[in-house]
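Student: I would like to go through this model and ask what its labels rest on.
Tutor: Then let us take the labels one by one and set each value against its definition.

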Amino acid sequence: MARAGLTAERLARAGADLADEVGFDQVTVSAIARHFDVKAASLYSHVRNSHDLRTRIALLALEELADRCAAAIAGRAGKDALAAFADVYRDYAREHPGRYTAARFPLDPGTAAASAGPRHAAMSRALLRGYALAEPEETHAVRLLGSVFHGYVSLESAGGFSHSAPDSQESWTRIVDALDALLRNWPTAT
């Protein structure tokens, strides 16, 4: 029996919730159909296939993360903005592991350009204004921040820091401190 009110947005939200429970790679049209107790064929009027569903989940995750980042860094600058920005990524990955993975899902260029991805880049550049980096150094710094945040979160979520001291929160705080010091003393190109 089909449930009324199914939309592409509702399917994406259900898919995001499922991704957080079982992993983003496990989200398929069939899995969502089972969730709603409908036949998979009935969902194809809302999503084309599992790739389309995953793309919609990725867009949702990027939007949620961008909204959280914007709220966290509003009115902040320098190290305060950096720490708030970093904490949003880490907290989101901990609270929504499937969505966090979805936010890394490869999008085609047109979809990526219309997504919240450019907002993330703009916010990264906005927080870096407090460090007065000129191009191309600002781009290098954006890439550094993304690499460090994602790398740490990925290792932490895989249990990479759970069996040793000091506590991972202490390391996270020190890493943000080190990033702030590096950004304030960015090396010049030689």
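Tutor: Start with a cut-off: an angle of 65 to 115 degrees between two axes counts as roughly perpendicular. The model itself is predicted.

Student: Why are α7 and α8 called roughly perpendicular?
Tutor: The axes of α7 and α8 stand at an angle of about 110°. The range for roughly perpendicular is 65 to 115 degrees, and therefore α7 and α8 are roughly perpendicular to each other. Their axes are 10 Å apart, and the crossing of α7 past α8 is right-handed.

Student: Which residues make the contact of α7 and α8?
Tutor: From α7 come Ser124, Arg125, Leu127 and Leu128, and from α8 come Glu138, Thr139, Ala141, Val142 and Leu145. Sorted by class, this contact of α7 with α8 has 5 nonpolar, 2 polar and 2 charged residues.

Student: What makes α3 roughly parallel to α7?
Tutor: The axes of α3 and α7 cross at roughly 25° and come within 9 Å. Angles under 35 degrees count as roughly parallel, so α3 is roughly parallel to α7. The crossing of α3 past α7 is left-handed.

Student: Which residues of α3 and α7 meet?
Tutor: On the α3 side they are Leu62, Glu63, Leu65, Ala66, Asp67, Cys69, Ala70 and Ile73, and on the α7 side Gly117, Arg119, His120 and Met123. The contact of α3 with α7 has 7 nonpolar, 2 polar and 3 charged residues.

Student: At what angle do α4 and α8 pack?
Tutor: The angle is about 35°, and the axes of α4 and α8 are 10 Å apart. The crossing of α4 and α8 is right-handed.

Student: Which residues of α4 and α8 meet, and how do they divide by class?
Tutor: Leu82, Phe85, Ala86, Tyr89, Arg90, Ala93 and Arg94 of α4 meet Leu145, Phe149, Tyr152, Val153 and Glu156 of α8. The contact of α4 with α8 divides into 9 nonpolar, no polar and 3 charged residues.

Student: How many helices and strands does the chain have?
Tutor: The chain has 9 helices and 0 strands. The C-alpha trace spans about 65 × 40 × 30 Å along its principal axes.

Student: What lines the largest pocket?
Tutor: The largest pocket has 19 lining residues, and those nearest its centre are Tyr89, Arg104, His120, Ala121 and Gly146. The elements giving two or more residues to this lining are α3 (50-73), α4 (78-95), α7 (117-128) and α8 (137-157). The space in the largest pocket is about 420 Å³.

Student: How does the lining of the largest pocket divide by class?
Tutor: The lining has 12 nonpolar, 6 polar and 1 charged residues. Tyr counts as nonpolar and Gly as polar in this scheme, and both Tyr89 and Gly146 are among the residues nearest the centre of the largest pocket.

Student: Where are the cis peptide bonds, and what is omega there?
Tutor: Pro136 belongs to the loop between α7 and α8. Another cis peptide bond joins Ala165 and Pro166, where omega is about 0°. Pro166 sits in the loop between α8 and α9 (168-184).

Student: What is the phi of Asp37, and where does Asp37 lie?
Tutor: Asp37 has a positive phi of about 55°, although Asp37 is not a glycine. Asp37 is placed in the loop between α2 (29-36) and α3.

Notes
Residues numbered from 1 in each chain as written. Predicted model: local features only at pLDDT ≥ 70, side-chain atom pairs only at ≥ 80, totals over all residues. Heavy atoms only, no water. 1 Å grid on protein atoms, 1.4 Å probe; cavity = no way out; pocket = protein on both sides within 12 Å on 5 of 7 lines; lining within 4 Å. Points joined across faces, edges and corners; volume = space filled by probe spheres on them. Helix = DSSP H or I, 4+ residues; strand = E, 2+ residues; numbered from the N terminus. Axes fitted to C-alpha atoms, helices over the stretch in contact; angles between N-to-C directions. Parallel < 35°, antiparallel > 145°, perpendicular 65-115°, else oblique. Left-handed = near helix turned anticlockwise from the far one by under 90°. Contact = heavy atoms within 4.5 Å.
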